[in-house]
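Hi everyone, thanks for making time. I'd like to walk you through one protein chain, starting with the whole thing and ending at one spot on its surface.

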Amino acid sequence: MEQAINPAKIKAIRTHSICAGHRVHGHESKCAHLHGHNYKFEFHCTAGSLDNVGRVIDFSDIKEKLCMWLEENWDHRFLLWEKDPIAADLSDADSMGVVRMPFNPTAENMAKHVLEIVGPEQFAGTGVMLEKVVLHETDKCFVEVSRSL
Ligand SMILES: [Zn+2]
């Protein structure tokens, strides 16, 4: 007899893409320049059990909570570490367009922020957990940050 699937192992995954600029302060080569990416996020969600309908979470709820957070906070913005020496000047030039972050905006730090801060805030009280974030910076390069690693 086959073993039953543990519902905690079932994931609902939704992707969302945004455009954003950044520079990586302290980078040894071209990523130290002002530039941008078409970032693609993958949100991997789990719950202890499936709901009455048979879902981890409705895909539209992932959109409402996580995709919309990206749209409102990072899409078409320029992401800079608050300690980057150019952050103040660029922020003066376009205060709405520049997001000063408490971390250097590498793909790793961005994915970690979404996993550790945004996910728990957005899913508070729902029983759903953002278990992993995959962030594609280019077609070839991506990072993965997971609670279960
Ligand atoms: Zn970059």
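Predicted model: local features only at pLDDT ≥ 70, side-chain atom pairs only at ≥ 80, totals over all residues.

As for dimensions, the C-alpha trace spans about 60 × 30 × 20 Å along its principal axes.

Now, how do the pieces touch each other? Take the contacts with a separation of 6 or more: 63% of them are between residues 24 or more positions apart. And of the 149 residues in the chain, 41% are buried.

The chain exposes about 8,800 Å², and carbon and sulfur atoms supply 51% of that. On charges, I get 16 positive and 22 negative side chains. The centres of those two sets lie 3 Å apart.

Last stop: which residues make the nonpolar surface patch of about 260 Å²? That would be Ile5, Ile10 and Leu50. Let me zoom in on Ile5, which sits in the segment before strand E1 (12–22). Is Ile5 buried or exposed? Its relative accessible area is 66%, and the cut-off for exposed is over 50%, so Ile5 counts as exposed. A patch residue has to have over 30% relative accessible area, and Ile5 has 66%.

That's my tour, happy to chat about any of it.

Conventions: Residues numbered from 1 in each chain as written. Heavy atoms only, no water. Buried < 20%, exposed > 50% of the residue type's maximum accessible area, 1.4 Å probe, protein only. Contact = heavy atoms within 4.5 Å. Areas by Shrake-Rupley, 256 points an atom, 1.4 Å probe, with all protein chains shown as cover. Lys, Arg positive; Asp, Glu negative; His and termini not counted. Charge placed at Lys NZ, Arg CZ, Asp CG, Glu CD. Patch = residues over 30% accessible without salt bridge, like charges linked within 9 Å, V, L, I, M, F, W, Y side chains within 5 Å. Salt bridge = Lys/Arg side-chain N within 4 Å of Asp/Glu carboxyl O. Helix = DSSP H or I, 4+ residues; strand = E, 2+ residues; numbered from the N terminus.
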